[in-house]
Amino acid sequence: MKLVFPHKEHKDFELIGDSFTIGSSADAAIRIEAIGMSSVHATLIKDGDDYSLRIDNPACMASVNGRLVKDSKEVREGDLMIISQVHCKLESKKVEKPDDNRTRIRMALPKFVLRGVSGVYFGKTFPLRGNTSLGRHPDNDIFVNVDGISRKHAVISVLADGLEIQDVGSSNGTYVNGKQITKAIIKLGDEIKLDNIRFLIQSLGVQIDNDTQKSKTDTTANKTDKSISSQGIMETSGSTGKWVATVLILLAAAGAGAWYLGLLDRFLS
């Protein structure tokens, strides 16, 4: 793990050890010279795989994800810490593997996916393969970085004939279609709720088929509308033609009557 500075005003610091003082003093493990920074402003403490930010002097201002640190507060990877006016985050060290020029086999699309339908995970899709763990710790397959989610919350397993979900001792429970479960068989369309974050079990294939069917339905509807419109135009044209013919016949009859009456007047006179 390392401490990184998003604004790049300071160099990244590799966290090797269990305790790291942060301040402007030359004796601080992480020396930061900035406005408002005390000689020892805060201490970043590692306990196993967990980190916390501790403030010994209440006059020293620091926050984690916008929440003021009064004494000590847990810090997870990706959380934004503001120490005095300096922004920093915890970030895992990325190990780049050298290219061995071997052809990579593309992984097949998963049969099932987990799609977020609430909160910050709305619209996000996660593939389900083998055993997929969900929780607030970064080591999970699906990292749900939300308060109320346990570090190890639940596991979804892909079986030969479907899916199974198991709660692994979470604090706020795991729910399937509104019912709290310890272990349950789940299927397409089921709603999974971890605390107040909701997901749906979906299939890429089913979704594609539905989209294709919708496209076909829209095309058929357009053709029907065009047919009805054309028929309406033809009917309108036909009706107009009948009215024109009727008017011409009436005009011709009136003209013939006038001509006949004119001849009759001449004969009588």
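The model is predicted.

**Stop 1: the aromatic pairs**

Across the whole structure, a search turns up 4 aromatic pairs. Select F13 and F20 to see one of them. Two values describe a pair of aromatic rings: the distance of the centres and the angle of the planes. For F13 and F20, the centres are 6.2 Å apart and the planes are at 80°. The pair is edge-to-face, because that angle is over 60 degrees.

Now colour these two residues by accessibility. Is F20 buried or exposed? F20 is buried, because its relative accessible area of 2% falls under 20%. F13 has 25% relative accessibility, so F13 counts as partly exposed.

**Stop 2: Y121 and F199**

Select Y121 and F199 next. Their ring centres lie 6.5 Å apart, and their planes meet at 50°, so this pair is tilted. Where in the chain do Y121 and F199 lie? Y121 is in the loop between strand 12 (112–116) and strand 13 (125–128). F199 is in strand 22 (residues 197–202). Y121 and F199 are both buried.

Ring pairs join Y121, F126 and F199 into a cluster.

**Stop 3: a charge over a ring**

Move to Y175 and show K193 with it. What sits over the ring of Y175? The charged end of K193 does, 4.5 Å from the ring centre.

**Stop 4: I35 in its loop**

Select I35. This residue is in the loop between strand 4 (30–31) and strand 5 (42–47). With 67% relative accessibility, I35 counts as exposed. Which residues does I35 contact, leaving aside neighbours within four places in sequence? They are S84 and Q85. Draw a line between the C-alpha atoms of I35 and Q85: the distance is 7.2 Å in space. In sequence, I35 and Q85 are 50 residues apart.

**Stop 5: N140 in its loop**

Finish at N140. Look in the loop between strand 14 (131–135) and strand 15 (142–143). N140 is buried, at 6% relative accessible area. Show what N140 touches, not counting residues up to four places away in sequence: S133, L134, G135, R151 and K152.

I35 is exposed, whereas N140 is buried.

Key:
Residues are numbered from 1 along each chain as its sequence is written. This is a predicted model: local features need pLDDT of at least 70, side-chain atom pairs count only at pLDDT 80 or more; totals for chains, interfaces and linings use all residues. Side-chain values use heavy atoms; hydrogens and water are left out. Rings of Phe, Tyr and Trp (its six-membered ring) pair if their centres lie within 6.5 Å; planes under 30 degrees apart count as stacked, over 60 as edge-to-face and the rest as tilted. Buried means under 20% relative accessible area, exposed over 50%, partly exposed in between (1.4 Å probe, protein chains only). Helices (H or I, at least four residues) and strands (E, at least two) are DSSP runs, numbered from the N terminus. A charge sits over a ring if NZ of Lys or CZ of Arg is within 6 Å of the ring centre and within 35 degrees of the ring normal. Contact means heavy atoms within 4.5 Å.
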